[in-house]
Amino acid sequence: MKIERPPMISRRHFLQASTAGIASASLLTPAVVLAQHSGITGQIAPELDASYWIGADGKQTTAFSVAANKGKWVLLKCFQNWCPGCHSLGFPSLQKLVDTFGDNEQVKFAAIQTTFEGFSTNNQDALLKNQQRYGLAIPFGHDQGDPNAAHGDVRRRPNTMVAYRTGGTPWFIVIHPAGRVVYNHFNVDTDRLIEILKKETGQA
């Protein structure tokens, strides 16, 4: 899969999108406007509906809740185990973010395997495998569509893909403490996001 260059992001756009309702083009850089063909930037973040979760300790747990973490920055990373871009870009970006903000109570993370193909490979077992491979002590969820549905049938897409209108994997979602989605794209400018979140959370 060809990975597109991440849209430019700024602190101002994050804050504007968090209060704008459905974000208008006037609030976004041209690159981010292009990303609006997918994603739901500016809208209230839907609750996650994945069927299986493991916690930071690798054991099965209750679902990670977006609503329960309102008032905090929530960073979601969608992946598939066999996705090359997830391993070359997605997980390294997530590692860097977790290394920076893992102890910051104002920032919460979850990784979600949004399986819409390769159902036998992109399965529940891949959660612990990738959690351990990348040393990510964060919740991992498994959300798959119906493997018996025809290609192109919306039922083949997992709930997260439908609710957040993601474009595939890897996919990065940032939710503002106000509860609105402020970023949706294949990957993110990690260093710029770290800069913004440090300012927003007061982290040195």
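**Note on the predicted model**

1. Of the protein's 204 residues, 52% count as buried, where buried means under 20% relative accessible area, exposed means over 50% and partly exposed lies in between (1.4 Å probe, protein chains only). This is a predicted model, in which local features need pLDDT of at least 70 and side-chain atom pairs count only at pLDDT 80 or more, while totals for chains, interfaces and linings use all residues. Residues are numbered from 1 along each chain as its sequence is written, and side-chain values use heavy atoms, with hydrogens and water left out.

2. The protein contains six helices and six strands; these are DSSP runs numbered from the N terminus, helices being H or I with at least four residues and strands being E with at least two. Read from the N terminus, the order of elements is α-α-β-β-α-β-α-β-α-β-β-α.

3. Six aromatic pairs are present in the structure. Rings of Phe, Tyr and Trp (its six-membered ring) pair if their centres lie within 6.5 Å, and planes under 30 degrees apart count as stacked, over 60 as edge-to-face and the rest as tilted. The pair of phenylalanine 91 and phenylalanine 140 is stacked, because the ring centres are 6.5 Å apart and the planes stand at 15°. Phenylalanine 91 belongs to helix H3 (residues 84–101) and phenylalanine 140 to strand S4 (residues 140–144), so this pair ties together parts that are 49 residues apart in sequence. Phenylalanine 91 counts as buried at 1% relative accessibility, and phenylalanine 140 is buried with a relative accessible area of 0%. Phe91 and Phe140 form one aromatic cluster together with Phe79 and Tyr134.

4. In helix H4 (residues 125–133), the buried residues are Ala126, Leu127, Asn130 and Gln131. These residues cover an arc of only 130° around the axis, which puts them on the same side of H4; the arc is that of the directions from the helix axis to the C-beta atoms. Asp125, Gln132 and Arg133 are exposed on the other side of H4.

5. Helix H6 (residues 190–201) has 12 residues and spans 16 Å from its first C-alpha to its last, close to the 16 Å expected at 1.5 Å a residue. The expected span is 1.5 Å times one less than the number of residues in the helix. Thr190, Leu193, Ile194, Ile196, Leu197 and Thr201 are the buried residues of H6. Viewed down the axis of H6, they fall within an arc of 165°, so they line one face of the helix. Glycine 202 follows H6 and has a positive phi, near 75°.

6. H3 and H6 pack with their axes 10 Å apart, at an angle of about 25°. Axes are lines fitted to C-alpha atoms, for helices over the stretch in contact, and angles run from 0 to 180 degrees between N-to-C directions. H3 is therefore roughly parallel to H6, given that angles under 35 degrees count as roughly parallel, over 145 as roughly antiparallel, 65 to 115 as roughly perpendicular and the rest as oblique.

7. Most residues other than glycine have a negative phi, and most peptide bonds are trans. Arginine 165, although not a glycine, has a positive phi of about 55°; at 38% relative accessibility, arginine 165 counts as partly exposed. Threonine 169 and proline 170 are joined by a cis peptide bond, with omega about -5°.
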